[in-house]
Amino acid sequence: METEREVTAATPTISTQDSALSHLVSCANLGASMVVTLVVGGQVVAGELVSGKEYALSTAQAIRSVAGDEDIKNPIATFFDQLAEDYRVDDEHEIPLNYLHIKDPSWMTGNGGWTSVKGTILRVHIAKVSGFSLGKAKNA
């Protein structure tokens with residue numbers, strides 16, 4: 001009769017977050033913005049990497065500026081004001097490193113051209129980025 005043994009396979013820990021990109025995002029969150037090109041979900045996106053605080057405050061301001069019921073707009077805008085606090089810079093606080101923010105994003109189209117959206121900031125989960133480079137195409 002064979003003795004049964006439990007076999008456990010070691011599961012390697014694989015980070016889905018690029019450390020170099022995470023470092024650049026940390027720099028942006030501290031105020032050092034830079035232009036980047038990203039590959040996200042098979043799409044190429046370019047723009048200025050900015051802080052999460054800038055994203056949150058810009059979004060709160062945009063929500064407050066649209067026409068509509070103040071009782072609806074204010075709680076939504078306040079959520080983004082509070083989100084901006086997550087990105088405050090002080091010695092006692094660790095800024096979250098899960099999203100990056102691209103100001104004035106441009107997307108590469110199927111024919112190799114670019115479509116830009118000015119005046120907005122795109123929020124992307126860092127782990128969804130499969131490639132990146134500094135800079136962007138001249139026409140992006």
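Predicted model: local features only at pLDDT ≥ 70, side-chain atom pairs only at ≥ 80, totals over all residues.
**View A. Length and capping of helix α3.** The N-terminal end of α3 is capped by D69. A side-chain oxygen of D69 is placed 2.8 Å from the backbone nitrogen of D71.

**View B. Buried and exposed faces of helix α3.** The residues K73, A77, F80, L83 and A84 of α3 are buried. Because they cover an arc of only 110 degrees around the axis, they lie on the same side of α3. On the face turned away from this buried side, α3 carries the exposed residues D71, P75 and Q82. Among the elements that cover the buried residues of α3 are α2 (52-65) and β5 (121-125).

**View C. Buried and exposed faces of helix α1.** Helix α1 (residues 19-29) has L21, S22, L24, V25, A28 and N29 as its buried residues. Seen down the axis of α1, these fall within an arc of 160 degrees, so they line one face of the helix. The exposed residues S19 and H23 are carried on the face of α1 turned away from the buried side. Packed against the buried residues of α1 are β1 (34-40), β2 (43-50), α2, β3 (99-108) and β6 (129-134).

View D. D18 caps the N-terminal end of α1, with a side-chain oxygen 2.7 Å from the backbone nitrogen of A20. Following α1 is G31, a residue with a positive phi, near 110 degrees.

**View E. Nonpolar cores.** In soluble globular proteins, nonpolar side chains tend to be buried together. The largest nonpolar core of this model has 14 residues. Within this core, L21, L38, L49, L100 and V129 have the most contacts. Two or more residues are given to the core by each of α1, β1 and β3. With neighbours within four places in sequence left aside, V129 is in contact with L21, L38, V39, V40, L100 and V124.

Key. Residues numbered from 1 in each chain as written. Heavy atoms only, no water. Buried < 20%, exposed > 50% of the residue type's maximum accessible area, 1.4 Å probe, protein only. Helix = DSSP H or I, 4+ residues; strand = E, 2+ residues; numbered from the N terminus. Arc of directions from axis to C-beta. Contact = heavy atoms within 4.5 Å. Polar contact = N/O pair within 3.5 Å; in protein donor to acceptor, adjacent residues only side chain to side chain. Core = buried A, V, L, I, M, F, W, Y, C linked by side-chain atoms within 4.5 Å.
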